[in-house]
Amino acid sequence: MTDPFGHTRSVLSERYALITPPGLVRAPLPGWPGAACAVVISPAMGARFAQILVTLGPGAVGQGQRSREELFLYVRSGAVAIGVADQRATLTSGGYAYVPPGASFSVRAEGNREPAELLVFQRAYLPLAGIPAPEPVIGQEQDLLGAPFLGDEAALLKTLLPDTPAFDMAVNIFTFMPGATLPMVETHVMEHGLLMLNGQGIYRLASDWHPVQAGDVIWMAPFCPQWFVATGKTPARYIYYKDVNRDAL
Ligand code: UGY
Ligand code: MN
């Protein structure tokens with residue numbers, strides 16, 4: 001659905017941003033030759049990580065050897081051939097890969113037909129004294145079970161990365177049945193980058209309430225009050241990034 005001329009649901013405020021698909025502007029990005037990339041969250045906005053939407057058409061590739069950076073890739077649609085360090089896999093919609101700092105990676109659309117749509121989280125890895133950096137992780141979310149969030153069977157949470165001190169990021173997928181909510185208005189030090197995958201709902205961000213739907217992106221700064229209710233007749237799903245396991249100072 002497109003907005004009438006001169007109107008947008010996108011909002012940029014000090015503590016959050018809502019970025020909606022009709023306003024996306026794509027551009028080439030280093031490390032992604034031939035791909036169309038939209039940086040939807042970045043330090044330019046006040047965030048401490050980047051969130052990028054990537055379209056990998058035939059011949060396009062993502063590749064690199066990143067010294068301090070870690071990457072998380074999620075396949076929104078299509079299929080990709082991916083290599084991380086010495087691991088190789090073919091991932092379809094719902095597939096994901098974690099690229100540790102310093103590890104080489106390459107990703108291309110499989111089969112040279114349909115483009116693949118990727119979601120990417122990228123940040124500088126924060127080492128922890130005495131703890132080695134994480135190993136690569138490759139998987140399909142369909143292989144994971146959702147756990148009731150704080151006991152609520154109507155709000156299921158899948159955690160895609162191990163919850164161990166080596167990881168300074170978490171990436172989770174929430175599924176809310178129609179009418180299900182976050183149990184409280186959360187206010188926490190962790191930052192979020194979020195992509196709505198399915199359905200719709202209302203997101204409370206700071207003191208504002210925004211209707212949101214599949215394709216929308218949200219940045220929540222540390223301590224931004226946040227709450228969600230799934231509306232509509234089908235489940236709402238979103239994937240989100242969170243910084244974890246590091247000092248408060
Ligand atoms: O993990 C979280 O902080 C999650 N409950 N936040 C959110 O969905 N906005
Ligand atoms: Mn939260």
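**Close-up views of a predicted model**

**View 1. Glu191 is a buried residue, with a relative accessible area of 1%.** The model is predicted. Glu191 counts as buried because its value falls under 20% relative accessible area. Glu191 sits in the loop between strand S15 (169-176) and strand S16 (192-198). Its side chain makes a polar contact of 2.9 Å with the side chain of Trp219. Beyond its neighbours within four places in sequence, Glu191 touches several stretches of chain. Gly46, Ala47, Arg48 and Phe49 are among its contacts.

**View 2. Four residues supply the protein donors of the manganese ion (ligand 2).** They are Glu186 (OE), His188 (NE2), His192 (NE2) and Gln226 (OE1). These donors lie 2.1 to 2.3 Å from the ion. The six donor atoms around the ion subtend angles of 77 to 174°, so the arrangement is octahedral. In sequence, the donor residues follow the spacing E-x1-H-x3-H-x33-Q. The site links distant parts of the chain: His188 lies in the loop between S15 and S16, and Gln226 in strand S20 (residues 226-231), 38 residues apart. His188 and Gln226 are both buried.

**View 3. Strand S11 (residues 116-124) is mostly covered.** Seven of its nine residues are buried. S11 runs antiparallel to strand S4 (residues 50-56), and seven bridges join the two. In this pairing, Leu56 stands opposite Ala116. Strand S6 (residues 69-77) also pairs with S11 in the antiparallel sense, over eight bridges. Here Leu73 stands opposite Val120. In a regular strand, side chains alternate between the two faces of the sheet.

Key. Residues are numbered from 1 along each chain as its sequence is written. Chains are lettered from A and ligands numbered from 1 in the order in which they are written. This is a predicted model: local features need pLDDT of at least 70, side-chain atom pairs count only at pLDDT 80 or more; totals for chains, interfaces and linings use all residues. Side-chain values use heavy atoms; hydrogens and water are left out. Buried means under 20% relative accessible area, exposed over 50%, partly exposed in between (1.4 Å probe, protein chains only). Helices (H or I, at least four residues) and strands (E, at least two) are DSSP runs, numbered from the N terminus. Two strands pair if DSSP finds at least two bridges between them. A polar contact is a pair of N or O atoms within 3.5 Å; within protein, one must be able to donate a hydrogen and the other to accept it, and residues adjacent in sequence count only if both atoms are side-chain atoms. Contact means heavy atoms within 4.5 Å. Donors are N, O and S atoms within 2.8 Å of the metal (3.2 Å for Na, K and Ca); water is not among the atoms, so sites may look incomplete. Four donors count as tetrahedral if all angles lie between 85 and 135 degrees; four count as square planar and six as octahedral if opposite donors are over 155 degrees apart and all others between 65 and 115; anything else is irregular.
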